Amino acid sequence: MTDTTHTFLDSPLGPLTLVTDGAALTGLYLAEHRRTSPDHWGPRRDREQAPAVVEEAAVQLDAYFAGERGDFTLPLAPSGTVFQQAVWALLREIPHGETRTYGAIAAALDRPGASRAVGLAVGRNPLSIIVPCHRVIGADGSLTGYGGGLERKERLLALERGEALLPLDG
């Protein structure tokens with residue numbers, strides 16, 4: 001078994017925390033991210049001492065933020081229930097620049113009445129940006145909750161529409 005470590009990266013959306021088990025990413029958290037605990041991140045590693053998967057994630061994230069990449073090809077190992085894993089797998093199928101509603105994801109799972117459960121699973125996604133939960137919106141097209149805050153969700157969706165991603169203030 002490998003050891004969990006974490007590494008901080010700068011991004012246009014503020015600092016990101018990448019958590020890895022040494023072979024795969026297990027978490028990517030935005031500043032002020034809800035539903036996470038640094039107690040589970042393991043010791044901090046500088047980028048230069050982090051496992052190779054962290055460097056590859058950093059390269060892919062830089063390309064994403066520059067508007068040069070839409071999806072990620074990284075080994076991922078998020079921890080979650082069978083239902084959460086199914087929801088997160090569907091999130092990865094949402095094409096860059098598109099959105100889906102919670103209801104559409106529930107229907108794709110053949111559980112049309114499970115929109116609320118889908119919302120809870122989306123909210124527990126430990127791999128923000130890489131597993132694109134920011135692409136999930138309300139039935140009326142409104143932006144709904146996002147672990148890193150609605151302003152970041154708005155900026156990610158704008159980036160995917162081809163708009164420049166300017167750094168967050170303060």
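Student: Which residues of helix α2 are buried?
Tutor: This is a predicted model. In α2, residues 82–92, the buried ones are Gln84, Val87, Trp88, Leu90 and Leu91.

Student: How do you know that the buried residues of α2 line one face of the helix?
Tutor: Look down the axis of α2. Its buried residues fall within an arc of 155 degrees, so they line one face.

Student: What do the buried residues of α2 pack against?
Tutor: They pack against α3, α4 and β5.

Student: Why are α2 and α4 called roughly perpendicular?
Tutor: Their packing angle is about 80 degrees. The label covers 65 to 115 degrees. Therefore α2 and α4 count as roughly perpendicular. Their axes are 9 Å apart.

Student: Which residues meet where α2 touches α4?
Tutor: From α2 come Phe83, Gln84, Val87, Trp88 and Leu91. From α4 come Ala117, Val118, Ala121 and Val122. By class, this contact has eight nonpolar residues, one polar and no charged ones.

Student: Why is threonine 17 called buried?
Tutor: Its relative accessible area is 7%. Buried means under 20%. So threonine 17 is buried. Threonine 17 sits in strand β2, residues 16–20. Leaving out residues up to four places away in sequence, threonine 17 touches His6, Thr7, Phe8, Gly27, Leu28, Tyr29 and Trp41.

Student: What makes aspartate 110 exposed?
Tutor: Its relative accessible area is 68%. Exposed means over 50%. So aspartate 110 is exposed. Aspartate 110 lies in the loop between α3 (102–108) and α4 (115–123). Its phi is positive, about 60 degrees, although aspartate 110 is not a glycine.

Student: Is isoleucine 129 buried or exposed?
Tutor: Its relative accessibility is 1%. The cut-off for buried is under 20%, so isoleucine 129 counts as buried. Isoleucine 129 lies in the loop between α4 and β5 (136–137). Its phi is near 70 degrees, a positive value in a residue other than glycine.

Student: Which residues of helix α5 are buried?
Tutor: Helix α5 covers residues 150–160. Its buried residues are Arg152, Lys153, Leu156, Leu157, Ala158, Leu159 and Glu160. The buried residues of α5 pack against β3 (25–30), α1 (52–65), α3 and β5.

Student: What comes just after α5?
Tutor: Glycine 162, with a positive phi of about 100 degrees.

Note on methods:
Residues are numbered from 1 along each chain as its sequence is written. This is a predicted model: local features need pLDDT of at least 70, side-chain atom pairs count only at pLDDT 80 or more; totals for chains, interfaces and linings use all residues. Side-chain values use heavy atoms; hydrogens and water are left out. Helices (H or I, at least four residues) and strands (E, at least two) are DSSP runs, numbered from the N terminus. Buried means under 20% relative accessible area, exposed over 50%, partly exposed in between (1.4 Å probe, protein chains only). Contact means heavy atoms within 4.5 Å. The arc is that of the directions from the helix axis to the C-beta atoms. Axes are lines fitted to C-alpha atoms, for helices over the stretch in contact, and angles run from 0 to 180 degrees between N-to-C directions. Angles under 35 degrees count as roughly parallel, over 145 as roughly antiparallel, 65 to 115 as roughly perpendicular and the rest as oblique. Ala, Val, Leu, Ile, Met, Phe, Trp, Tyr, Cys and Pro count as nonpolar, Asp, Glu, Lys and Arg as charged, and the others, Gly among them, as polar.
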